[in-house]
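User: I'd like to learn how to read a structure like this one. Take me through it feature by feature, please.

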Amino acid sequence: MAAPALKHWRATLERVEKFVSPRYFADCNLRGRLLGDTCPLAALSSFLTPDRLPYPEAVRQHFRPAQVGDSFGPTWWTCWFRVELTIPEAWVGQEVHLLWESDGEGLVWRDGQPVQGLTKEGEKTSYILTDKLEEGDPRSLTLYVEVACNGLLGAGKESMIAAPDPEKMFQVSRAELAVFYRDVHSLLVDLELLLGIAKGLGEDNQRSFQALYTANQMVNVCDPAQPETFPVAQALASRFFGQRGGESQHTIHAVGHCHIDTAWLWPFKETVRKCARSWTTAVQLMEQNPDFVFACSQAQQLEWVKSHYPGLHARLQEFACRGQFVPVGGTWVEMDGNLPSGEAMVRQFLQGQNFFLQEFGKMCSEFWLPDTFGYSAQLPQIMRGCGITRFLSQKLSWSLVNSFPHHTFFWEGLDGSRVLAHFPPGDSYGMQGNVEEVLKTMVKNRDKGRTNHSAFLFGFGDGGGGPTQTMVDRLKRLHNTDGLPRVQLSSPGRLFTALEGDSGQLCTWVGELFLELHQGTYTTHAQIKKGNRECERILHDVELLSSLALARGAQFLYPAAQLQDLWRLLLLNQFHDVVTGSCIQLVAEEAMCHYEDIRSRGNTLLSAAAAALCMGEPGPEGLLIVNTLPWERTEVLALPRSGGAHSLALVTVPSMGYAPAPAPTSLQPVQPQQPVFVVQETDGSVTLDNGIIRVRLDPTGCLTSLVLVASGREAIAEGAVGNQFVLFDDVPLYWDAWDVMDYHLETRKPVLGQAGTLAVGAEGGMRGSAWFLLQISPNSRLSQEVVLDVGCPYVRFHTEVHWHEAHKFLKVEFPARVRSPQATYEVQFGHLQRPTHHNTSWDWARFEVWAHRWMDLSEHGFGLALLNDCKYGASVRGSVLSLSLLRAPKAPDASADMGRQEFTYALMPHKGSLQDAGVIRAAYSLNFPLLALPAPGPAPAAAWSAFSLSSPAVVLETVKQAESSPQGRTLVLRLYEAHGSHVDCWLRTSLPVQEAVLCDLLERRDPAGHLPFRDARLKLTFSPFQVQSLLLVLGPARTETLPLGL
Ligand SMILES: [Zn+2]
């Protein structure tokens, strides 16, 4: 051996790099020796199809001869290759691979089963035919490779998030057999890790030099042409990696993972195949590495695999029993964390957890949402109600302005529920297992000294792919090496158990986890948002009416299976790139079909339930007026009359019940309420007045005054106008459909109307209205009807927009005569406050926020609420309430928001607090109109109510049949406290209740939750924003039902 020499750090490093480089000196370096002899395929043939065919059908087709270099396509087609091969006899004793490099995403089929994904982008370009060819092994084989004509991340034209290029063509660039040298691979892994350590720890660190000199010495002793020199080099590496770190070292829990977006830059149907490609590969890794653990979320994807690839599903079940395949998340899909309603979020878990229990024998313990654009403050309570106390995400690392202060912390929700939250400090769910990432995980951890464990999720993701053997090899080598954190192949369960075991010093974050990016997703794709809101309502109404029909009629069959289908369809579209509008056009179109399906099947179920509900009741033929909300309502309703006409009627319908439709003759009197007066002034302005509020519109349709009549209080700021449409330039930095940037506010341009366009519509009495047209731009126009009903505390703005813009953002503003440092926004099962000022960077970063059905700006004694029926983007800056209406992003879907759009918002000035004034109820009313359902036979003569509550603070949100319901006669009721108060509440019911007991959100009985039920009522006690569920076991249906005065 040569005498020790002085070494130049940089030159030594690069020497080792060249030794492992695939690019330089591969003629003489170690990398060049990874593969030995090669051999062409015996035969290659292919069959091209626009369809996604099942295997048995595909292999029956006519295959034509094909060659390496052939191109196929276009985008979204599939090319099936028949690969016939014969391994040379001379290769006995060797490891033999099929090398396959092609564009697109491949899946290998062997003996009719999918066995492995082959994707160049996912570093999977070889399939192991045998790890050692034995004498007498069969050497001839036929495989199929199913290649989807799309990349891991879709087929964007020029950039990833551009709309897909429909003309893209694909090519096979390599298909042959080769001898693979495992010992060379192993040395390459060692050398790359040593290089990583040398670079990662840097020139100030002595361990860095030890790594570098070890690698240099390995190059010295290793002759790539002489495999007998390899063991000496291997021994040097082993000595280095075997030098242990101290006991205090940080521990990294490396978990295999594969983030598969359920639809995004590719359609839903491609995701089914992405799951097969990714998970067959994961199964192989689990077979070959007994300590490798793969965490997998999203029940929907597993359900797809179960029905399309039953063999693979069975393998996953086996590995789940061994603890290697770990279902996580507990939800149906990884849904958006902001937009779904509270009930929809509960259903994500209900459908998900029940699926996991049924298929894998247990429910998930961790909520898993690595890639969602913010997290509702109600999630901790929902998680806990679904048997989950642990939460994993990382997306907050994307916040543009403020850096979130923790990676491990307790997250406390709106009601005070706490869960343990962990964000992998490497800020990724797609790690590769290299040293840089391992060091980053340790160094970036914001909770150093408080906790000593971190998650490390490795595997290609977003579009699937998952881990590779090389990643596993790297992480195993780093098990316990001085200078680096310890790395364990671990599971989410082991990580959280370790975190829980040492959580005494952890901090608590209270309230929502707001992502300071992607704030355009509250608005993008208005039709999807509208479909979501509408379908949430339809399923609510179907479940309620079906439950009531079940309770009252022995004959009625609750449509449990159909409702499960429809719910799953709705939940699917709440995926974090669908309801958010950040998907390609193909996906948006599918989503619209899904919503249409829910609408039509839902309405059929609604009619069936209504018919069953009034069966056997005496009364005139006609209509049943149904109120699906838990309080009595008196509202103006348009009733269908013979000949397709409608007539307005003021109807009173009891809480969660029905009333007979008034006969046409009894329609007129509106006393004792004051009728609506409509006056048009000579200057063209219009005043609408119903005795509760008085609305004045100027001749262009702007709101110049809104007065609460009883107090004479003006709600519009002095010198300003409301209902002001404003346009903004909306050009983000990259993520077009996702982001609206703070600087868009600097481009605000009010849309000015033309005087003389305002006209009176409905002339008053039951309803008064005025309407106008507004040219927004040369290409876009809007028409609006401003409607005030008798007895109604809010004025509605029915809006139709023809929208043809590029990179513009339309909002409507209401400057209020109200001063408050905070505004209130509805969220799932409650509401929260956000500042109206931009004092700090945390306030400023929330220049655009999300809300559900209402937002409110109140000062002591007075406030102004802005309600909506399908919008989610909002903001209040100073005293200006602003509702975000339409955007015009061009990527990944240039058609997003284009065309005709329809929506309604409403304005409600009020005395006192929003709670006391009934803002929450008003927003429900706007979203859940009274239903006029045709009764097939005689409609009931008397009004009837199923449920009512003694406290206005409590909302009975959901009534449904229990998932497991003996004889079908158990209902689940879900209620929540909506005011933010401690309250006792009586629930009264006219249903034949035999037993009432509290349960969790998964409908599991609380053993101590028995509720005394007397005099047709029971008592419940709530804390602020608490959600409670109960099971009501019903007695036999009564043959006749007496109207019950409540
Ligand atoms: Zn995602």
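This is a predicted model: local features need pLDDT of at least 70, side-chain atom pairs count only at pLDDT 80 or more; totals for chains, interfaces and linings use all residues.

User: In which loop does Asn723 lie?

Analyst: Look between strand S30 (713–714) and strand S31 (724–729). Asn723 has a phi near 55°, which is positive although the residue isn't glycine.

User: Is Asn723 buried or exposed?

Analyst: Buried means under 20% relative accessible area, exposed means over 50%, and partly exposed is in between (1.4 Å probe, protein chains only). Asn723 has 2% relative accessibility, so it counts as buried. Compare His807, in the loop between strand S36 (795–803) and S37: its phi is also positive, near 55°, but at 23% it counts as partly exposed.

User: How many helices and strands are in the protein chain?

Analyst: You'll find 19 helices and 55 strands. The chain's radius of gyration (over C-alpha atoms) is 32 Å, close to the 31 Å from the globule rule (2.2 Å times the number of residues to the power 0.38). The chain is therefore as compact as a globular protein of its 1046 residues. Buried residues make up 61% of them.

User: What is the order of the six strands in the open sheet?

Analyst: Strands of a sheet pair through backbone hydrogen bonds, parallel or antiparallel. Pairing here takes at least two DSSP bridges between two strands. The order is S32-S31-S37-S44-S43-S40, with antiparallel pairing. S32 (749–750) and S40 (849–850) are the edges; each has a single partner strand, so one side of each lacks a neighbour in the sheet. S37 (residues 808–815) and S44 (residues 880–886) share six bridges, and Phe814 is bridged to Leu881 in S44.

User: Which residues coordinate the zinc ion?

Analyst: Donors are N, O and S atoms within 2.8 Å of the metal (3.2 Å for Na, K and Ca); water isn't among the atoms, so sites may look incomplete. Here they come from His259 (NE2), Asp261 (OD), Asp371 (OD) and His576 (NE2), at 1.9 to 2.2 Å. Along the chain, the spacing reads H-x1-D-x109-D-x204-H. Both His259 and Asp261 are buried.

User: Where is Pro892 found?

Analyst: Pro892 sits in the loop between S44 and strand S45 (899–911). A cis peptide bond, with omega about 5°, joins Ala891 to Pro892.

Note on methods: Residues are numbered from 1 along each chain as its sequence is written. Side-chain values use heavy atoms; hydrogens and water are left out. Helices (H or I, at least four residues) and strands (E, at least two) are DSSP runs, numbered from the N terminus.
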